[in-house]
Amino acid sequence: MSSKKKTKNKQAPVDWRQSLRSWLQDRNPILKFLLGFIGCMSLFYIFYYSGLYRNHLELPFLNGQVRISNALLHLFGQATEANGTLISSADFSVNVKNGCDGLEAMAILVSGIVIFPVALKYKFPGIAVGILILFVANIFRIAGLYLAGKYFSSQVFDILHIQGGFIIFTLLSILLWFIWMNWATDKSQKSVSS
Amino acid sequence: MKPIIIAGLKYFFFFCLLYGTLTALSLIPQVGKTLNDIYRRPTQRILTSLFDKAHLQLGSDRNDVDIIRVEYASKKMVQQQMRSAGKTNVQINGRLYEFSFYNTFLSFYIFLLVLMILSPLPRKEMLIGLLAGSILFYLFSVFRTSIALLFFFNDPVVDIYHYSDFWVEAIRKLNNFLTLGINLLIVLVLWITLAFRKKNWKKLLQASK
């Protein structure tokens with residue numbers, strides 16, 4: 001009995017180490033990627049919460065987005081006014097704050113592109129096109145939230161604000177990143193083979 | 001249209017369908033209330049064991065299934081009141097902290113669930129991933145709540161904990177940092193860790209060929 005127990009006790013740590021090693025080996029490139037991703041996002045948050053961004057850049061950026069969203073709402077026949085970070089009309093108003101600026105989703109995309117192991121010449125178009133698409137999508141998101149608040153209940157507005165506006169917007173950023181990764185690896189493999 | 005864009009649009013469609021369905025289900029008052037109750041029970045235990053100097057009571061709001069109410073009071077103050085009143089039972093007015101159950105946990109948990117379900121994983125690995133992801137994200141949400149509570153507990157008026165100015169400032173900054181964006185980032189990190197490995201990572205990249 002005792003000899004059996006001893007054998008079991010000796011084998012257990014070996015199995016545990018082996019399974020941990022194979023788990024790590026299976027995820028080696030992913031874990032490296034994750035570390036880089038977390039590093040890039042940390043740099044973004046340092047900038048995002050810095051005095052430079054909060055005191056000098058945040059307001060002009062939000063005001064710019066509000067003015068463009070307001071112009072878009074005019075195209076949809078809405079009699080809205082843009083005042084600072086506020087889009088208002090007699091019926092409803094939305095205040096665009098930090099977090100509604102789409103910057104976190106853009107940072108996720110840019111971080112993913114920056115750390116992906118491919119030549120720089122493929123990264124710049126990805127970053128430029130990705131940011132442009134997300135910026136335009138965010139303008140539509142702000143205008144859409146105004147329309148949702150005006151024509152539906154406050155509960156619908158709240159749901160769209162977090163679910164549609166935040167989570168689905170982030171998913172869009174991830175999808176753009178996957179599309180870019182496929183495009184970039186395809187291009188770089190073609191250039192190597194030719 | 002390129003195959004990868006079609007695949008992306010397909011994924012986006014299925015994501016919206018599944019995410020929309022689960023979100024709609026979670027917004028049914030009975031479902032929301034049940035999930036709120038299930039979430040509160042272990043959270044009450046964890047928070048009570050974390051904050052041994054505080055009386056804590058987690059409750060729900062009758063009119064809003066989204067809200068979790070945390071009533072708290074200093075154990076020391078309660079004991080002092082009991083001593084001065086010469087009683088073993090006193091009625092006290094606790095302070096109240098309310099937070100959104102959906103924004104803290106449920107909406108982002110559904111996001112994680114859908115990302116995992118739509119990932120190209122064998123069933124067994126997906127179940128293990130779902131279980132690990134559920135536990136880890138739940139623990140993160142409790143951590144987030146406990147940081148907020150710790151900040152309130154250090155208020156001199158509340159008088160439950162007395163950390164140094166440095167630590168109170170660090171807790172305040174951490175509390176402000178733990179926004180919805182960080183919730184989202186944690187979900188993404190969990191998803192990448194649990195669902196991606198060498199073989200399916202390459203499979204995803206080769207989808208366009």
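B:Trp191 is in contact with B:Leu112, B:Leu115 and B:Met116, its neighbours within four places in sequence being left aside; two residues are in contact when their C-beta atoms, placed from the backbone, lie within 7 Å. The model is a predicted one, in which local features need pLDDT of at least 70 and side-chain atom pairs count only at pLDDT 80 or more, while totals for chains, interfaces and linings use all residues. Residues are numbered from 1 along each chain as its sequence is written, and chains are lettered from A and ligands numbered from 1 in the order in which they are written.

B:Trp191 and B:Leu112 are also among the residues with the most contacts inside the largest nonpolar core, which has 62 residues. Such a core is a set of buried Ala, Val, Leu, Ile, Met, Phe, Trp, Tyr and Cys residues joined through C-beta atoms within 7 Å. A residue is buried if 20 or more other C-beta atoms lie within 10 Å of its own, exposed if 12 or fewer, and partly exposed in between. Helix α4 of chain B, residues 101-117, gives the most to this core, with 12 residues. Helices (H or I, at least four residues) and strands (E, at least two) are DSSP runs, numbered from the N terminus.

How do α4(B) and α5(B) pack, and at what angle? Helix α5 covers residues 123-153 of chain B, and the two pack at about 160 degrees with their axes 10 Å apart. The axes are lines fitted to C-alpha atoms over the stretch in contact, and angles run from 0 to 180 degrees between N-to-C directions. The pair is therefore roughly antiparallel, a term for angles over 145 degrees. Residues making this contact include B:Leu112 and B:Met116 of α4(B), and B:Gly129 and B:Gly133 of α5(B).

I turn now to the strands. In chain B, β1 (residues 54-60) and β2 (residues 67-74) pair in the antiparallel sense over seven bridges; pairing requires that DSSP find at least two bridges between two strands. A hairpin of six residues joins β1(B) to β2(B). Within this pair, B:Leu58 stands opposite B:Val70, and B:Ala54 has B:Ser74 as its bridge partner. On its other pairing, β2(B) runs antiparallel to β3(B), residues 95-100, through six bridges, with B:Ile68 opposite B:Phe99.

Which residues form the covered face of β2(B)? They are B:Ile68, B:Val70, B:Tyr72 and B:Ser74.

Notes: Angles under 35 degrees count as roughly parallel, over 145 as roughly antiparallel, 65 to 115 as roughly perpendicular and the rest as oblique.
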